[in-house]
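Hello,

Here is the structure we talked about passing along. Have a look at it first, and then read on for what turned up in it.

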Amino acid sequence: MSKPEIAAIGEVLIDFIAEQEATLEDVQSFRKFAGGAPANVVVGIRRLGIPVILISKVGDDAFGRFLIKSLQYEDVDTTYVFKDKEYHTGVVFVQLIGAQPEFILYSNVAYNNMKEDEIPKPLIQRLKVLHFGSVLFTQEPSRTTVFKTVEYARNFDVLITYDVNIRKDLWRDRIEDMWTDVLTGVKLSDIVKFSESEILDLANELGIHNKKTDIVLDILFKLGPKLIIITKGAEGATFYQKLKRKIITIDIPPYSVTPVDTTGAGDAFMAAVIAGIYSFMKKRGYPSLTKRRLYKLGRFAVIVAALS
């Protein structure tokens, strides 16, 4: 296998998914799965046939060993999934009601303890794509580590992709800080994915009411990204690309399936976007994306997410 040119930095954790369709207080049993949004993304990319590497941290414990084995089973490069001696592996408990997941996620775990001097700079220098999310923003030293890593990658024309993927439960009384960091992530990225609910929450935070998405997009594009994607669940997605002073809008229709469990569908979508973008890259940096290419890319991502 050739050396990976795509990497993600972020959480890998244990998903404990409820076996009963009920609230967490009423669930009696759970099944254990490997999870974490960036980890799911790299697995998705690898399943699409592209070498990929994860930069993360697990505890030096049984769950950590399980996660590393799970990633290796998927042929993901785990060279830089470190084992932490101070903190245990992260876990999340997931309830499913009507195929829609709800989460309880915990702080003070191994991936919150990623340190800047652990990041492999030679790897970052040779990448074509680096992906990240917002969960690591919630706690130091990982917050500084992920921002510094992305900033470093930008010096080498690495394409930066970012799935906002907000977990408000981790922020609680720090919502203002949350949005500050979310927007810092946007400023550092070439491609950004929001869910529709996240865009509406951001609009409210900015004092923009009546669902004025165009005003929010204008603010976001002024921060620097070239492509903003808004996923809309059963209604598909919309791609917005900034070309000079014009915003190109591409609506992607849904691919109809009967939902059973939507956990990880957004990660599968993101994996397909990154894989598609990578296939268009003749050199480093943001590739040429015509309307036709954007539509094909979006349609591919929607279908992959629906079938995940």
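Searching the whole structure, which is a predicted model, turns up 1 cavity of 30 Å³ or more. The largest cavity holds about 40 Å³ of space. Its lining is made up of Ala37, Pro38, Val41, His131, Gly133, Ser134, Asp163, Asn165 and Asp267. Two or more lining residues come from each of α1 (37-47) and β8 (129-133), and α1 gives the largest share, with 3 residues. Sorted by class, the lining has 3 nonpolar, 4 polar and 2 charged residues.

In soluble globular proteins, nonpolar side chains tend to be buried together. Here the largest nonpolar core has 52 residues, and those with the most contacts inside it include Ile9, Leu130, Tyr162 and Phe194. Helix α4 (residues 142-154) supplies the largest share of this core, 5 residues. A second, separate core has 45 residues, including Ile14, Val76, Val81 and Ile191.

Finally, helix α8 (residues 265-280). At 1.5 Å a residue, its 16 residues should span 22 Å, and the end C-alpha atoms lie 23 Å apart, which agrees. Most of α8 is covered, with 12 of its 16 residues buried. Among the buried ones are Phe269, Met270, Val273 and Ile277. Asp267 is also buried in α8, and this residue is part of the lining of the largest cavity.

Best wishes

Definitions and conventions
Residues numbered from 1 in each chain as written. Predicted model: local features only at pLDDT ≥ 70, side-chain atom pairs only at ≥ 80, totals over all residues. Heavy atoms only, no water. Helix = DSSP H or I, 4+ residues; strand = E, 2+ residues; numbered from the N terminus. Expected span 1.5 Å × (residues − 1). Buried < 20%, exposed > 50% of the residue type's maximum accessible area, 1.4 Å probe, protein only. 1 Å grid on protein atoms, 1.4 Å probe; cavity = no way out; pocket = protein on both sides within 12 Å on 5 of 7 lines; lining within 4 Å. Points joined across faces, edges and corners; volume = space filled by probe spheres on them. Nonpolar A, V, L, I, M, F, W, Y, C, P; charged D, E, K, R; others polar. Core = buried A, V, L, I, M, F, W, Y, C linked by side-chain atoms within 4.5 Å.
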